[in-house]
Amino acid sequence: MTTMSTDSDIQTTSRGFCCRLCNVNLPNLPSVDQHVKGRKHQTLSTVRSTRKSHEEHSVFVSGIKPEISPTDLTEYFQQFGAVADVIVDKDKGVYAIVQFSETESIQAALACVEHQLKGLKLRVKPREKKEFKLIPKKKNDPQKLQQIFDRLKPELCQLPSVDAQMKLIVERLQLGENEKKARGLVVQLLQEVFVEFFPDSQILLFGSSVNTFGIHSCDLDLFLDLENTKTFQARAKTSTEQAVEGMSDDGRSEDSILSDIDLSTASSAEVLELVATILKRCVPSVHKVHVVSTARLPVVKYHHRELNLHGDITLNNRLGVRNTRFLQLLSGVEERLRPLVFTIRYWAKQKQLAGNPSGAGPLLNNYALTLLVVFFLQNCEPPVLPTVDQLRDMACEEEECVIEGWNCTFPSQPIAVQPSQNTQDLCSLLAGFFSFYAQFDFAGSVISLREGRALPITNFLSQDNDDETMQEGQPSKPEPQRPKLGPLNLLDPFELSHNVAGNLNERSLRSFQKECQEAEKYCRSLRYRHKSTKGKSWGLARLLTPLRDVQQVNPEQLVISIPFKSASLPEALRKELHSAGDGFRLLWSQKVCSAVEVTLTTVLQCHLDASTAAGAEEMDTTAWSLNDSTQSVESQSGSSPRCEAAVGTKRPLSSGSDSSASPRGKKPRLARTGRPEFPPWMCVQKHMVWVGRRKVRRELMKDADCRPEGSCMELESQVTASIAEKEPELKEPLEFKVCPQMVGGTENTRVLLKLEPTRDKAGVFHDFFHFLEAFVPKMVETLLEKGTGSASNETRVASVANNG
């Protein structure tokens, strides 16, 4: 249960509980316990306690002038007690906050009738007590997106072509010259400030501001290069014995920020804390400064008040600078790239597929979207852009570049790259982008811009194979890390261990692919290419319409989708799938079907119809060899190397000779289609085992650790048994059919379970289906992780697939 220290944060509501601190609604007490122990609540609790402690140990001082330094204030207030910190208003310098080490010092300072410092009369009063509140991150407001689009829409409709519309999008969204100059002034100011504290350091711009794809209000991404500072510090150390005490050899005071830290041994977090302190105290108009140490690359985030500009400062990010130059090169090589990227980014934002608040979240980021466009252009016929490997071969010896062991070589000038032979217009390329990704097998592929093709996911399911796959791009790193696998696997062009879309979840990927499919359908219509003579929306004016809050759902579509999740697979199954090669989809679907059957029969106590069981026994006698099937699949897919390079596009038909390559029954047909026909399950359910499961689960668990639904087969089986024992049977049993089907190859790899009621006099099937829709995928994932399942089930499933 919740502890006393957090009771005041948790409030009871009509729908459960609410955490006032985190502004989160919680359905039940186990959820409350889990939330209170979670990172978000713990972090906010710590921040609140720290701020409260600062308030209790501080006084507010006004009446000062800019010439009064923090040192002056420290020396004056030390007469009342030890001073822990002094924060001066850096914009106008008219007030300060003095923080004491002990609360008794505050009373002493307040008891003093008059405070005078350098002829100024100071006013000292207690700090104002403010309630700690979490300011929620701003999300894409559909209403605001609609308002912005409404202003753009009339201009789009008046233009003569989709190409002209795309160029207008660039014109309206790109950074203006005045914005670029303002950003340059901020960088210049930061350079002047930081060089005072970090001698010989450099501030380098990278990211959207300079990669030619920047839009209004994009973040100002900066890299603080301290390599020269480290050299300066090392040189200063060796010469201190010969220099005057307290002074370095070039006259700089050693009583500075560098006196407190050794850059050669300090961690990034320690240096970033110093950077944050400098921003807070020394840079005018900069506020909301905080360190994000949990990011993949720790950063200091800040906001420039005058320009309303958000920014990041990172250390050790030479790869980010190199990626920026790579995108600059591509933009110079191919003029069609910028209109495509700007349009697709805007489309993604309108459909709420991109735009993570504060850079964190499950949506696509702009860099990932840009790389998806580049990969598509690499796979056009003929290619619009070369692969990263091809660019490396075009570079001269002087342009060779290796950063942190990764080969980052490419030509420095666009003139070194031969123009593309592809003559498609922007309108056709935009439609091609949506068609390319509408049926792309994201689950079974890893996108590689280095090779310009989709690599099989099985190459990354075994650590040994990862090393072999990434070794070419990483000549001097002995032990490369495998990328974080997820629903969408998109390798960085140079840092091959980094999946730039690793933050995406299943829901975000489904939304992206669904919107691509909708866009593909629209791009085939006349309203996409031809201007309306009646003044109706056409071209981009219709394509870029913001996503509505309410989506139409087909009520007759009773299908449960179980996606291939490489990240959640156990190591043993990863090795099995890796060994299966191109036949991994068939092996995985067999495992899934086996887990589904265990879920229905063992966990939910559904009874299989007698005819289904009898058919299963007959199928058992024709058990087949998975290795034979795998070889058959490989022989089909290996005949065309270009097909392998363009996963997600329609493959050309095999030649007639392929049909006679194997006389073994129907295996060639199975391998060619990639969709084995599994037999349907005819199921009978006598109890409403989906009703009241949460309550029964809590009773069974009592004081045990909270477990989410579907995380434990034994517990869920006990829940079902308890409901079946206590609740009466349905007057008329529910009978339904489950038809499993595996899809993949030219679609996202997944198993589809199509459900259909055959007898439902009690009218409970739809409620049961909605329960199964969430429960079955979770249960299957649990069973696959634990390797739980029936060996005979898998044998039977394999046998059926062989004869399908």
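Two strands count as paired here if DSSP finds at least two bridges between them. Keep that in mind for the sheets. The model is predicted.

Strand S2, residues 16-19, pairs with S3 in the antiparallel sense, and the pair has three bridges. Within that pair, Cys18 is the residue opposite Asn25 of S3. The whole sheet is open and has three strands, ordered S1-S2-S3, with antiparallel pairing. Strand S1, 10-13, and strand S3, 24-26, are the edge strands, and each of them pairs on one side only. From one strand to the next, the twist averages 30 degrees. Which helix lies across S1, S2 and S3? That is helix H1, residues 29-36, which runs at about 140 degrees to S3.

Next, two helix pairs. Two packed helices are described by the angle between their axes and the distance between the axes.

The crossing of H11 past H12 is right-handed. On the H11 side, the contact is made by Leu337, Leu340, Val341, Ile344, Arg345 and Ala348. From H12 come Asn366, Tyr367, Leu369, Thr370, Val373, Val374 and Leu377. By class, that contact between H11 and H12 has ten nonpolar residues, two polar and one charged.

The second pair is helix H14, residues 426-438, with helix H16, residues 506-523. Here the packing angle is about 135 degrees and the axes are 8 Å apart. H14 and H16 are therefore also described as oblique to each other. What is the handedness of the crossing of H14 and H16? The crossing is left-handed. H14 contributes Ala431, Phe433, Phe434, Ser435, Tyr437 and Ala438 to the contact. Facing them in H16 are Phe512, Gln513, Cys516, Gln517, Ala519, Glu520 and Cys523. The contact of H14 with H16 divides into nine nonpolar residues, three polar and one charged.

Now the five-stranded sheet. This sheet is open too, with the order S18-S22-S21-S20-S19 and antiparallel pairing. Strand S18, 559-563, and strand S19, 607-608, stand at the edges with a single partner strand each, so one side of each has no neighbour in the sheet. Inside the sheet, strand S20, residues 681-685, and strand S21, residues 734-743, are joined by five bridges in the antiparallel sense. In that pairing, Met682 sits opposite Lys737 of S21. Helix H27, residues 765-786, packs on this sheet. H27 touches S18, S20, S21 and strand S22, 750-759, and its direction makes about 10 degrees with that of S18.

Last, confidence. The protein averages a pLDDT of 81, and 79% of the residues score at least 70. Where is pLDDT under 50? One such stretch is residues 1-5, for which the model has seven contacts beyond four places in sequence. Another is residues 549-555, with two contacts beyond four places in sequence. Where pLDDT is low, the predicted coordinates should not be read in detail.

Definitions and conventions: Residues numbered from 1 in each chain as written. Predicted model: local features only at pLDDT ≥ 70, side-chain atom pairs only at ≥ 80, totals over all residues. Heavy atoms only, no water. pLDDT = per-residue confidence, 0-100. Contact = heavy atoms within 4.5 Å. Helix = DSSP H or I, 4+ residues; strand = E, 2+ residues; numbered from the N terminus. Axes fitted to C-alpha atoms, helices over the stretch in contact; angles between N-to-C directions. Left-handed = near helix turned anticlockwise from the far one by under 90°. Nonpolar A, V, L, I, M, F, W, Y, C, P; charged D, E, K, R; others polar. Parallel < 35°, antiparallel > 145°, perpendicular 65-115°, else oblique.
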